[in-house]
Amino acid sequence: MNNKKLFASALVLSMFFGLTACSSEKPEDTKVVEKKKEEKKEEKKEESTDAVLVREISSKTYTVTIPELTSFYTPSRDGLEVKTEVNEQQISYTLEDEFGDFKMAIYVNPISAESAEAYANRINEGFKDDESKQYKPSTVGDFNGFRKVTTSENPSFKCKDNLLLDFESVDGSAVVMSVTVEQFNDSDTADMEVAMKAILGNMKVEVK
């Protein structure tokens with residue numbers, strides 16, 4: 001009889017501890033789970049695909065910000081691989097097909113604290129006898145500046161288009177920016193000015 005009582009007591013105790021263990025493994029509170037989800041969303045929001053260049057020129061700090069290129073510019077050619085690189089001097093983009101039949105390169109950088117005209121004139125001084133190598137007043141979309149276009153018969157290089165302009169910064173001051181588009185291996189240069197306009201229309205510059 002005593003053995004039966006002992007067995008029954010042991011059974012009751014084992015059931016009790018079993019229930020206690022199960023109750024301690026409750027799923028996380030719904031509010032806690034939701035909070036963690038929100039935190040993950042916030043982390044994703046903080047990840048930016050913008051290209052940001054910070055450069056010091058003449059005791060001023062220039063911060064150039066451009067959104068992800070494919071978010072505002074679509075090349076007319078399909079299947080191009082787009083690469084973005086930011087170094088100490090410039091933001092650069094490379095658009096190239098897998099066979100190497102087409103390549104476009106874009107370079108964006110602040111270059112001077114003086115005016116675009118003064119900078120262009122200084123460069124032109126070295127090419128007084130060759131107007132084809134001089135910067136000339138030009139308009140690209142809504143932007144006015146000084147432009148030099150270089151073409152070549154070399155089959156691996158076709159065209160280089162460089163625009164110098166007084167670009168208005170966020171605080172309203174003027175910044176001398178250089179935007180260059182180069183194209184290789186293809187004589188159809190229609191995309192070059194389209195790409196330049198797209199960059200100019202989506203670029204933001206801050207000066208401190």
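Predicted model: local features only at pLDDT ≥ 70, side-chain atom pairs only at ≥ 80, totals over all residues.
In what order do the elements of the protein run from the N terminus on?

1. Starting at the N terminus, its elements follow the order α-α-β-β-β-β-β-α-β-β-β-β-α-β. That comes to four helices and ten strands.

2. The protein has 208 residues, and 34% of them are buried. Its accessible surface is about 13,700 Å², with carbon and sulfur atoms contributing 49% of that area.

3. Among contacts with a separation of 6 or more, 54% link residues 24 or more positions apart.

4. The largest nonpolar core holds 35 residues, and the members that touch the most others are Val108 and Met203. Two or more residues each come from strand 1 (51–57), strand 2 (60–66), strand 4 (91–96), strand 5 (103–112), strand 8 (159–168), strand 9 (174–184), helix 4 (190–202) and strand 10 (204–207). Helix 4 gives the largest share, with six residues.

5. Leaving aside residues up to four places away in sequence, Val108 touches Leu53, Val64, Ile66, Gln90, Ile91, Met177, Ser178, Val179, Ile199 and Met203.

6. Do look for another core as well, which lies apart from the largest one and has eight residues. Its members include Tyr119, Ala120, Phe146 and Leu164. As general background, nonpolar side chains in soluble globular proteins tend to be buried together.

Key:
Residues numbered from 1 in each chain as written. Heavy atoms only, no water. Buried < 20%, exposed > 50% of the residue type's maximum accessible area, 1.4 Å probe, protein only. Contact = heavy atoms within 4.5 Å. Areas by Shrake-Rupley, 256 points an atom, 1.4 Å probe, with all protein chains shown as cover. Core = buried A, V, L, I, M, F, W, Y, C linked by side-chain atoms within 4.5 Å.
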